[in-house]
Amino acid sequence: MSTKFTIPEAGLESSRIQLTLYHPPTHNAEFFTQLSAHPILARWLPFNFTPEIIEGILAEPACLFFAIIDKPTGRHAGVIGLLHTSFQHLKTEIGPVICFPEFQRTHVTPHATALLLRYCLDLPKDGGLGFRRVEWSANPLNVGSVKAAERIGMKKEGTLRWTFIIPPGREGTEAGEGRGEGLGRDSVLLAACWDDWENGGRELVAKVLERE
C-alpha cells in the first residue's frame, strides 16, 4: 500500500484503548459478526460494508483504517478511520466511527476519536501529521454522531444537501422524478482546524483522554 501516513512507533493509544491498523485476517471475523448480529450499527452508513469495501479502503492512499482495541479486556471494540485525505492541502475526514454495542456509552468512542484528532492536528515533531483541517460528516438525524464530534471540539459549519444515495432500507428522502433510484441524504459538516487546536482544542482532547 502506497501511503504518506506515518504512525508513531509507540502506536496510537490512550490508557484505555489502542488503535491498531486494520488487518482483515485478524479483524474481519469479529467486525462482520457484529454487523450481522446488530444491523443497527449500519443504520447511518451511506454504504454497506463488505470484505471488498474494506480491501478498497486499505488500498486507498487517502484512507487509514483502524480496529479499536479495548485495553482492559483486550477485545476488538469497533473501527475508526480517516477518509478523503489530501496531503497537498493538509486535511482529512474522520470516519467511519463504529463502536460495537457492548462498548457503547463507555470510554471507547471518546478515546478513539480524540486520539485520531490529536494524531491529525499535532505537529510532526510531536508525533502528529500537522494537518490544518479535520472534518466530520454525519446524517442530520444521527444526533449521537454530531454530539460525539462536538465533544472533541468539532464545530458545525453547515449542511451539505443530497450528498449520498443510500442503500435500501435506510432513512432518507425521495428525489425528484428522473433523478435516479434510491433515497438520498444530507450531511452535517463539522470541522476542527489548526487554529482551533492551538486555542484550546489540544487541552479539550487531553481532558477527554484523561477520563476513564
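The crossing formed by helix 3 and helix 5 is left-handed. In this predicted model, helix 3 spans residues 108-121 and helix 5 spans residues 194-210, and their axes come within 10 Å, crossing at roughly 145 degrees. On the helix 3 side, the contact is made by Pro110, His111, Ala114, Leu115, Leu117, Arg118 and Leu121, which meet Trp194, Trp197, Val205, Val208 and Leu209 of helix 5. Classified by residue type, this contact between helix 3 and helix 5 comprises ten nonpolar residues, one polar residue and one charged residue.

The cysteines were examined next. A disulfide is a covalent bond that joins the sulfur atoms of two cysteines. Zero disulfides are found when the whole structure is searched. For Cys63, the closest cysteine sulfur is that of Cys120, at 12 Å; because a disulfide requires sulfur atoms within 2.5 Å, this separation is too far for a bond. Cys120 likewise takes part in no disulfide, its nearest cysteine sulfur being that of Cys193, 12 Å away.

When neighbours within four places in sequence are left aside, Ser145 is in contact with Trp136 and Ala138.

Conventions. Residues numbered from 1 in each chain as written. Predicted model: local features only at pLDDT ≥ 70, side-chain atom pairs only at ≥ 80, totals over all residues. Heavy atoms only, no water. Axes fitted to C-alpha atoms, helices over the stretch in contact; angles between N-to-C directions. Helix = DSSP H or I, 4+ residues; strand = E, 2+ residues; numbered from the N terminus. Left-handed = near helix turned anticlockwise from the far one by under 90°. Contact = heavy atoms within 4.5 Å. Nonpolar A, V, L, I, M, F, W, Y, C, P; charged D, E, K, R; others polar.
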